[in-house]
Amino acid sequence: MTAMAQHGEHDDQEGVVLTQEQKRRRRARSIAIALALAALVVLFYALTIVKVGLHPIKPP
Amino acid sequence: MSLLTEGAELARPAGTGARAEPSIASVGDYIALLKPRVMSLVVFTALVGMVVAPGHLNPVVGFISLLCIAIGAGAAGALNMWYDADVDAVMARTSARPIPAGHITRGEALGFGMTLAVGSVAMLGLAANWLAAGLLAFTIFFYVAIYTMWLKRATPQNIVIGGAAGAFPPMVGWAATTGGIGVESILLFLIIFFWTPPHFWALSLWRSDDYARAGIPMLPVVSGPAETRRQILIYSLVLAPLGVLPWLIGYAGVLYGATALVGGAGMIALAIRVKRESGLTGAKQLFGFSILYLFVLFAMLFADDRLAHLLGWTV
């Protein structure tokens, strides 16, 4: 793989054209970010349930 | 030149144009930034600190706290790689890391590390308590600012003082459970603190050429192998009795005490061998044994505590 092919090609009209490898890695990074965000949602939900369970709100 | 543009320059492969290239970083590169092997020891010692501390921690809160400590440690690793990219590039042991390999720019590593650092500290504060979060923040600060940015390139005592960063995790775990800092957690801190010099200096004995090439004033580079071997023995002689202390003060049981005695004797025996020989076999054995020693010591502390709870003993 040449250095140009590895790092994408520049075209002044079209901008940067990603190689297949760059597209594959970008997709993998996007999936990882999505999974991390989903995990964060689950963690915050679980933490909220536990905290509310530990210190229940008492009616006046 | 800002740190971000400087980082982009450093990571850009030679021969490419002035325009920033699209990232070729894989998910694995970002995981490598977290130094997973270092992280595993941090998680383990923090878990032990968390479990053996008096009091009860909700399992969900405990899991989240441990995750925060792991991510905080990973953030410190990423920030270390951000700052040390120039040094990493010239050392054989670290030249394949994501930044010197050109997979991730320094700016990306800085952003990744800072995001994880702030996120992990905030989450630990919300999940457990703000003392634990403060200790985690201080640990990250100590590793990045005090060790990486200052001591590492300034003094042969770098890993002695900098070792404190690696010694804090059990204290963070302890604080997550109790909301305080006990004498016992300070003892766990001291064990790791005095374990670090013989562990790292054993490694540096056969990596001294690497450190010299990078301009890092490790003890073998500055004072020579003979002085390093002497210092390894001195720190091992301090470490061995320190390791037994939790048992002697009645904080740990016989299982731990026996392990600490045998392990400490092993550390001293290997340190004496390192001191006497001129080759590197003893140093490599000491390096490997030191990892085993710390792991088994903390595992026994964990086992002792669980056994005591199971059988209703008080140690």
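Helices here are DSSP runs of at least four residues and strands are runs of at least two, both numbered from the N terminus. The model is a predicted one. Counted in this way, chain A has two helices and two strands. Their order along the sequence is α-β-β-α.

Chain A has 60 residues, and 15% of them count as buried. Its accessible surface is about 4,900 Å². Carbon and sulfur atoms account for 65% of that surface.

In chain B, consider helix H7, residues 130-154, and helix H8, residues 158-167. The axes of these two helices lie 8 Å apart, and the packing angle is about 165°. Angles over 145 degrees count as roughly antiparallel, so H7(B) is roughly antiparallel to H8(B). The crossing of the pair is left-handed.

Which residues of H7(B) and H8(B) meet? From H7(B) come B:Thr139, B:Phe142, B:Tyr143, B:Tyr147, B:Leu151 and B:Lys152. Their partners in H8(B) are B:Asn158, B:Ile159, B:Ile161, B:Gly162, B:Ala164 and B:Ala165. Sorted by type, the residues of this contact are eight nonpolar, three polar and one charged. An α-helix has 3.6 residues a turn, so residues three or four places apart point the same way.

Further along chain B is helix H9, which covers residues 169-178. Is H9(B) mostly covered or mostly uncovered? Helix H9(B) is mostly covered, with nine of its 10 residues buried. The buried residues are B:Pro169, B:Pro170, B:Met171, B:Val172, B:Gly173, B:Trp174, B:Ala175, B:Ala176 and B:Thr177. Just after this helix, B:Gly179 has a positive phi of about 80°.

Notes:
Residues numbered from 1 in each chain as written. Chains lettered and ligands numbered in written order. Predicted model: local features only at pLDDT ≥ 70, side-chain atom pairs only at ≥ 80, totals over all residues. Heavy atoms only, no water. Axes fitted to C-alpha atoms, helices over the stretch in contact; angles between N-to-C directions. Parallel < 35°, antiparallel > 145°, perpendicular 65-115°, else oblique. Left-handed = near helix turned anticlockwise from the far one by under 90°. Contact = heavy atoms within 4.5 Å. Nonpolar A, V, L, I, M, F, W, Y, C, P; charged D, E, K, R; others polar. Buried < 20%, exposed > 50% of the residue type's maximum accessible area, 1.4 Å probe, protein only. Areas by Shrake-Rupley, 256 points an atom, 1.4 Å probe, with all protein chains shown as cover.
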